[in-house]
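Please read them with the structure open.

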Amino acid sequence: MSDRERVAVAEALTQAHRVAVVMHVLPDGDTTGAALGLAALLAAQGKSVAVVSPEPVLPAFRFLPGSADVRTPADLPLRGPAADVVVTVDCGDPGRCLGPVLLSSLAPVVINIDHHRSNPRFGDLNWVEPERAAVGDMLVDLSDAAGWPLNPAAALCLYVSVASDTEGFRFGSHDSHLLELGARLVRQGIDPDAVSRHLWETRPWTAAQLEGWVLSHLERTLSGRVAWARLPWEVQARLGAQAEHAEGLVGSVRALEGVQLALLFREEASGRVKVSLRSRPPFDAGALAAQLGGGGHRHSAAAELGGGLDQAGRQVRDAVAHAYGERMAWTDLST
Ligand SMILES: [Mn+2]
């Protein structure tokens, strides 16, 4: 099935002359690297390519080739003729990448390349492989299927895509495939050491302060298998933190010994609560997030709940108790 989907996407892109590539909101390394990598592959084939992102490229990824040319919705409609096809990458939900109306306004054909299990297959052409570690990994297969040679610019972007979603080739693989893929990209002339510094040693001061707060407010169930932190809006406001500063914080919760389900509750100014989930078996972050109206992968998922930290907390507590018999109880955050 996925072979046929990949070939259909390769054929559609081979025939297209003008391609728009769209990233998702809160653009992470996978969507950014995948979008810029695909753009570099297509540009090398003589196609005219525009990369569009709902939000500006994060400073951490501005070393990537093509990042300075990424447009935001403020630049739309794109000057000149509309594209022949628009491609979303790493986008499990069209609402996260401009929305269906704006997407369809960019081109008559929407191609959806993704690895989220919850992807509703919103494109005219869909290539969705939930078991893949990163969209960058899929795009290397796409370049092989289409007969497009890799080039150093594309390799750097695709390496960043895979390194980001696997947190440095640490997760998402049960065999040698990703390491061989990494080696292949490195042979294009990229410097993995430099990429690591860009990805993991350029942390904003505010992000570290936020993590400090989170680590001193960890909570867990009696068994220690479920651990979480609740991050009130007023703490973020006091530290001057933006949503991007909380990226990856849930990983610090997951890294604790014995933790099989890690949760971060991040309250927004509106009172809505973003819940990030990370898990290892027998816990299933994706299934839990789906019950809460969100989605994602088995090991990594997210949901957004209303009603402030208290109500969101109760909703998650009940879902966790029901599915796993683990009892989450809170301490008073003001202490
Ligand atoms: Mn991804």
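1. Start with a helix pair. Val135, Gly136, Asp137, Leu139 and Val140 of α4 meet Leu158, Ser161 and Val162 of α5. A contact here means C-beta atoms, placed from the backbone, within 7 Å. Helices (H or I, at least four residues) and strands (E, at least two) are DSSP runs, numbered from the N terminus. The axes of α4 and α5 come within 7 Å and cross at roughly 140 degrees. That makes α4 oblique to α5. Axes are lines fitted to C-alpha atoms, for helices over the stretch in contact, and angles run from 0 to 180 degrees between N-to-C directions. Angles under 35 degrees count as roughly parallel, over 145 as roughly antiparallel, 65 to 115 as roughly perpendicular, and the rest as oblique.

2. A word on the source. This is a predicted model: local features need pLDDT of at least 70, side-chain atom pairs count only at pLDDT 80 or more, and totals for chains, interfaces and linings use all residues. Residues are numbered from 1 along each chain as its sequence is written.

3. Back to α4. The helix covers residues 135-146, 12 residues in total. From first C-alpha to last it reaches 16 Å, close to the expected 16 Å at 1.5 Å a residue. The expected span is 1.5 Å times one less than the number of residues. Buried positions in α4 are Val135, Gly136, Asp137, Met138, Leu139, Val140, Leu142 and Ser143. Buried means 20 or more other C-beta atoms within 10 Å of the residue's own, exposed means 12 or fewer, and partly exposed lies in between; C-beta atoms are placed from the backbone. The buried residues of α4 pack against α1 (2-15), α2 (29-43), β3 (85-89), β4 (109-114), α5 (152-165) and α6 (177-186). Glycine 147 follows α4, with a positive phi near 75 degrees.

4. The parallel sheet. Five strands form an open sheet in the order β2-β1-β3-β4-β5, with parallel pairing. β2 (48-52) and β5 (125-128) stand at the edges, each with a single partner strand, so one side of each has no neighbour in the sheet. Neighbouring strands of this sheet are turned by 15 degrees against each other on average, direction ignored. Pairing requires at least two DSSP bridges between two strands. β1 and β2 run parallel and are joined by 5 bridges; valine 21 has valine 51 in β2 as its bridge partner. β4 and β5 pair in the parallel sense over 4 bridges. There, leucine 125 in β5 is the bridge partner of isoleucine 111.

5. α1 lies across β1 (18-22), β3, β4 and β5, at about 130 degrees to β5. α2 lies across β1, β2 and β3, at about 170 degrees to β2.

6. Check the cover on β2. Of its 5 residues, 4 are buried. Alanine 50 sits in this strand. Alanine 50 is buried, with 21 other C-beta atoms within 10 Å.

7. The mixed sheet. Its 6 strands form an open sheet in the order β6-β7-β8-β9-β11-β10. β6 (219-220) and β10 (295-296) are at the edges, each with a single partner strand, so one side of each is left without a neighbour in the sheet. β6 pairs with β7 (226-231) in the antiparallel sense over 2 bridges. Arginine 220 has alanine 227 in β7 as its bridge partner. α12 (308-324) lies across β7, β8 (261-267), β9 (273-279) and β11 (300-305), at about 160 degrees to β8.

8. Backbone points to inspect. Most residues other than glycine have a negative phi, and most peptide bonds are trans. Leucine 98 has a positive phi, near 80 degrees, in the loop between β3 and α3 (100-106). Leucine 98 is buried, with 26 other C-beta atoms within 10 Å. Arginine 121 also has a positive phi, about 55 degrees, and belongs to the loop between β4 and β5. Arginine 121 counts as exposed, with 11 C-beta neighbours inside 10 Å. The peptide bond from proline 281 to proline 282 is cis, with omega near 10 degrees. Proline 282 is in the loop between β9 and α11 (285-291).

9. The whole chain. The protein has 12 helices and 11 strands. Of its 335 residues, 43% count as buried.

Terms used
Contact = placed C-beta atoms within 7 Å.
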